[in-house]
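Keep the sequence and the structure open while reading.

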Amino acid sequence: MSLQDIEVYAFVGPAGTGKSHRATHVAKKNNVDLIIDDGLVISRGRILAGRSAKSEINRLRAIRRAIFEYPDHREEVVKFLESRAPCRLMILATSEAMIYKIIYRLGLNAPSKIINIKDIATDDEIKEALKERREKNQHVVPVAKAQIQKNFAGKLVSQIRGFFRGRDKDEARNTVVRPLFSFNGKVTIETEAILAMCRKLLDFGDYVKKVRELELDTDEDKIDVNVELDLKVGDQSALSIAKTLQKKIQTGLSYITGMEIKHVNIKVNEIYL
């Protein structure tokens, strides 16, 4: 079987309106086998594959995790879904545009049914859910507490039981978490700060004699790094040193900033023996 044998449902609503809270009930009502929510594949209160976007260190990385931009994460989930086909899958997202981004990246069919949070919850319930999100900055995960403790890196806050009770007790369990990326306000990273990070990452023993040029090309949350430098070679070749520096910058900048480092272009100006 292939991913084309998976029937896709979409459950859509703005962040904080109670989608995850109601996900298990909606899935049961529509005979859905699997749920995708914030980067996780979930069934009957258990995490079966993926990694939670709520475990990321900042909002930017959380968004990228939720739409499966990271190749290893995407490959793990695709492989798991292929093993479960044919089945019914419900994707939770804040908009239809986000649904189609996830579908595109995972190679799934277009949704056969789109369910809006307003079809499930009253206006008063949605307002109350939004108020809770604003005041407490807590998120619901449709997963049992034990699963969260094993798989989720964020801070466990509390557990909700019996929102919708069923024969399978795990189906009625949700867990409330405070994500690692929770903070108030807006964070911006100045170009000079990123350049300073690059200079620090280019510190590689005695191999780097001089950094002649260091430039950034930015496009939204993506960066190209262009470096021209002089190298001192000995036990390592210039090519080996350049590749190590590429990896240091790619990994270090991505981890610190949460941005996608598309290319690290290193030009060697002079070589010292």
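## Surface patches

E135 sits in helix α6, which spans residues 123-136. Helices here are DSSP runs of H or I with at least four residues, strands are E runs of at least two, and both are numbered from the N terminus. The model is predicted: local features need pLDDT of at least 70, side-chain atom pairs count only at pLDDT 80 or more, and totals for chains, interfaces and linings use all residues. Residues are numbered from 1 along each chain as its sequence is written, and side-chain values use heavy atoms, with hydrogens and water left out.

Is E135 buried or exposed? E135 counts as exposed because its relative accessibility is 56%. The cut-offs are under 20% relative accessible area for buried, over 50% for exposed, and partly exposed in between (1.4 Å probe, protein chains only).

E135 also belongs to a negative surface patch, together with D123, D124 and E128. Patch residues have over 30% relative accessible area and no salt bridge; like charges are joined within 9 Å, and nonpolar side chains (Val, Leu, Ile, Met, Phe, Trp, Tyr) within 5 Å. Asp and Glu count as negative, Lys and Arg as positive, while His and the chain ends are not counted. Each charge is placed at NZ of Lys, CZ of Arg, CG of Asp or CD of Glu.

Areas come from the Shrake-Rupley method with a 1.4 Å probe, and for residues only the protein chains shown count as cover. I256 lies in helix α9, residues 238-257. I256 is partly exposed because its relative accessible area is 45%.

## Salt bridges

Side chains of opposite charge can pair when their charged atoms come close. The rule here asks for a side-chain nitrogen of Lys or Arg within 4 Å of a carboxyl oxygen of Asp or Glu. By that rule the structure has 6 salt bridges. The table lists some of them.

| Pair | Distance, N to O |
|---|---|
| R22 and E125 | 3.4 Å |
| R64 and E69 | 3.1 Å |
| E69 and R105 | 3.4 Å |

Take R22 and E125, whose side chains meet in a salt bridge. This pair links distant parts of the chain: R22 is in helix α1 (residues 19-29), E125 is in helix α6, and they are 103 residues apart. R22 is buried, as its relative accessible area is 7%. E125 is partly exposed, at 37%.

Now turn to E69, which bridges to R105. E69 lies in the loop between α2 (59-66) and α3 (71-84), and R105 lies in helix α4 (residues 96-106), so the pair ties together parts that are 36 residues apart in sequence. R105 counts as partly exposed at 26% relative accessibility. Shared partners join R64, E69 and R105 into one network of salt bridges. R64 counts as buried, with a relative accessibility of 6%.

## Aromatic pair

How many aromatic pairs does the structure hold? The count is 1. F204 and Y207 form this pair, which is tilted, with 5.0 Å centre to centre and 35 degrees between the planes. Rings of Phe, Tyr and Trp (its six-membered ring) pair if their centres lie within 6.5 Å; planes under 30 degrees apart are stacked, over 60 edge-to-face, and the rest tilted. F204 and Y207 are both buried.

## Strand β12

H263 is placed in strand β12, residues 260-272. H263 is partly exposed, with a relative accessible area of 41%. The C-alpha atoms of H263 and Q250 are separated by 7.8 Å, and the two residues are 13 apart along the chain.

V264 also lies in strand β12. V264 is buried, with a relative accessible area of 5%. V264 and L245 are 8.8 Å apart, C-alpha to C-alpha, and 19 residues apart in sequence.

## Backbone details

Most residues other than glycine have a negative phi, and most peptide bonds are trans. A85 and P86 are joined by a cis peptide bond, with omega about -5 degrees. P86 is in the loop between α3 and β5 (87-93).

D38, not a glycine, has a positive phi near 55 degrees. D38 sits in the loop between β2 (34-37) and β3 (40-43) and is partly exposed at 22% relative accessible area. R44, also not a glycine, has a positive phi of about 50 degrees. R44 sits in the loop between β3 and β4 (46-50) and is partly exposed, with a relative accessible area of 48%.
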